[in-house]
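Dear colleague,

I am handing over the structure below for your reference. My notes on it follow, and I would be grateful if you could read them with the structure open.

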Amino acid sequence: MAYIDSYIHTSATSGLIGTNTKHIGHNDIEYLDVILERDKGQYQTRIVIIDGVYSQNGDLSLLPDYIRVCKKHNCLLMMDDAHGIGVMGDTGKGTAEYYDCLGKVDIITGTFSKSFGCVGGFVAASTKLIQYLRYYADSNVFSAAMTPQVADSALKALELINTRPEIRKKL
Ligand SMILES: Cc1ncc(COP(=O)(O)O)c(C=O)c1O
């Protein structure tokens, strides 16, 4: 079962076609806590899906609260940080760094089309989960790989994010 913030990006909701989903009000931690308690023992895998920085209104997820509630209910947490990567946090590692929560989110996705000025994207998760995605994610199996030019461009952007903090600070 996927418990999704009502403001998550369309790309995530499209990826959920065929998955059981429940909509949770935007940043409504209290309701999420109640629903996860009520659904206890009903589903094999439960995942909460949020954005780091919301594209519709620019506000932030209440990430530390989501981490706490997901841990309490033994539920996975996935965060789309398309608007956080390269921008948020002291070194641009995104919303998790901003909240001092690096390493505490099970799955972080991001795009190279925004702060990286490129195309493509990434999923950061455990080795086991990445292995699973390599074999079972249609977007990986049935789609062409990133070209070397694009990969190099994304790497250059990453280098700039790491070495030119003044650009981020100005933003
Ligand atoms: C929150 C969020 N996630 C994902 C995407 C998709 O990014 P891309 O267009 O690079 O696939 C966007 C694009 O607007 C976005 O705002």
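The notes below take the sheet, its helices and the ligand surroundings in turn.

Please bear in mind that this is a predicted model.

Six strands form an open sheet in the order 2-1-3-4-5-6, and the pairing is mixed. Strand 2 (21-24) and strand 6 (121-124) are the edge strands, each pairing on one side only. From one strand to the next, the twist averages 20 degrees.

Strand 4 and its partners. Strand 4 (residues 76-80) is mostly covered, with 4 of its 5 residues buried. Strand 3 (residues 47-51) runs parallel to strand 4 and is joined to it by 5 bridges; here I49 stands opposite M78. Strand 4 also pairs with strand 5 (residues 107-111), in the parallel sense, over 3 bridges, and M79 has I108 in strand 5 as its bridge partner. Strand 5 in turn pairs with strand 6 in the antiparallel sense over 4 bridges, where G110 stands opposite F122.

The helices. Helix 2 (residues 29-38) packs on the sheet and touches strand 1 (2-5), strand 2 and strand 3; its direction makes about 150 degrees with that of strand 2. Helix 3 packs on the sheet as well, touching strand 3 and strand 4, and its direction makes about 155 degrees with that of strand 4. Helix 3 (residues 63-72) also forms a right-handed β-α-β unit with strand 3 and strand 4.

The ligand. The residues around the ligand are H9, S11, D51, S55, D80, A82, H83, T111, S113 and G121. This shell divides into 1 nonpolar, 7 polar and 2 charged residues.

With kind regards

Technical notes
Residues are numbered from 1 along each chain as its sequence is written. This is a predicted model: local features need pLDDT of at least 70, side-chain atom pairs count only at pLDDT 80 or more; totals for chains, interfaces and linings use all residues. A residue is near a molecule or strand if its C-beta atom, placed from the backbone, lies within 6 Å of it. Ala, Val, Leu, Ile, Met, Phe, Trp, Tyr, Cys and Pro count as nonpolar, Asp, Glu, Lys and Arg as charged, and the others, Gly among them, as polar. A residue is buried if 20 or more other C-beta atoms lie within 10 Å of its own, exposed if 12 or fewer, and partly exposed in between; C-beta atoms are placed from the backbone. Helices (H or I, at least four residues) and strands (E, at least two) are DSSP runs, numbered from the N terminus. Two strands pair if DSSP finds at least two bridges between them. A crossover is right-handed if, with the strands pointing away from the viewer, the path from the first strand over the helix to the second runs clockwise. Axes are lines fitted to C-alpha atoms, for helices over the stretch in contact, and angles run from 0 to 180 degrees between N-to-C directions. Two residues are in contact if their C-beta atoms, placed from the backbone, lie within 7 Å.
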